[in-house]
Amino acid sequence: MMRHADRPIEETLVYTATEEVCPDCQRVLPIYQVISRPVQGVDRAVLLKRRDKRCGPDCQGARPIYFAPRDLRVVLPGRIYGLDVTLHVGERHLGDGVPLAQITRELNARGTPLDQRHTGRVFRDFVALTALLRGDEAAVRERLCAQGGIVLMCDGVQFEDRSPVLYLVWDALSGTPLFGERK
């Protein structure tokens with residue numbers, strides 16, 4: 001079986017911090033760091049690049065790092081399998097009653113390298129997303145306030161045309177999922 005890291009990358013998605021100018025010295029913010037990672041989707045692998053910005057060492061200001069937005073339509077934080085894989089596994093298992101082992105075999109036959117132990121983890125991510133209510137937790141609210149605000153993103157994702165739409169709401173700056181609901 002081919003490993004997900006060995007699958008050829010078909011597309012590169014680049015997200016860059018939106019801030020353009022340092023608020024302290026008024027200079028253009030340069031790219032400070034680039035974080036790249038492969039993401040395995042159902043039918044393709046993509047390279048996800050996040051380009052963060054920070055003012056240079058000669059700036060007299062606070063020099064915070066400005067992070068690129070995180071897009072949960074592509075992949076959940078800390079995961080290597082895309083959201084499309086998560087929806088595929090969840091809908092096939094819950095909606096169609098297909099065993100996880102068979103879903104793993106089907107995905108492998110389509111060219112998506114997925115080990116059976118990962119299929120269970122991906123399914124647990126699906127279950128967590130469908131019952132997500134983290135935005136109400138005090139610790140989450142405090143962390144989001146400490147970062148200086150949020151950039152709220154919302155999107156609906158559907159597995160084929162027969163399943164309910166999974167609506168997700170998240171903070172694009174921290175990548176924190178806040179709410180999820182299937183309708």
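1. Strands E2 (residues 31-40) and E3 (residues 45-53) run antiparallel and are joined by nine bridges. Four residues lie between E2 and E3, and the two form a hairpin. Within this pair, Ser36 has Lys49 of E3 as its bridge partner. Strands here are DSSP runs of E with at least two residues, helices are runs of H or I with at least four residues, and both are numbered from the N terminus. Two strands pair if DSSP finds at least two bridges between them.

2. A word on the source: this is a predicted model, in which local features need pLDDT of at least 70 and side-chain atom pairs count only at pLDDT 80 or more, while totals for chains, interfaces and linings use all residues. Residues are numbered from 1 along each chain as its sequence is written, and side-chain values use heavy atoms, with hydrogens and water left out.

3. Back to the strands. E1 and E3 run parallel, with seven bridges between them. Val14 has Lys49 in E3 as its bridge partner, and Lys49 is also the partner of Ser36.

4. For the overall layout, the protein chain has four helices and six strands. From the N terminus on, the elements run β-β-β-α-α-α-α-β-β-β. The C-alpha atoms fill a box of roughly 60 × 40 × 25 Å along the principal axes.

5. Among the 183 residues, 39% count as buried, meaning under 20% relative accessible area with a 1.4 Å probe, protein chains only. Of the contacts (heavy atoms within 4.5 Å) with a separation of 6 or more, 59% are between residues 24 or more positions apart.

6. Thr86 counts as buried because its relative accessibility is 2%. Apart from neighbours within four places in sequence, Thr86 is in contact with Tyr81, Val122, Asp125, Phe126 and Leu129.

Conventions. Buried means under 20% relative accessible area, exposed over 50%, partly exposed in between (1.4 Å probe, protein chains only).
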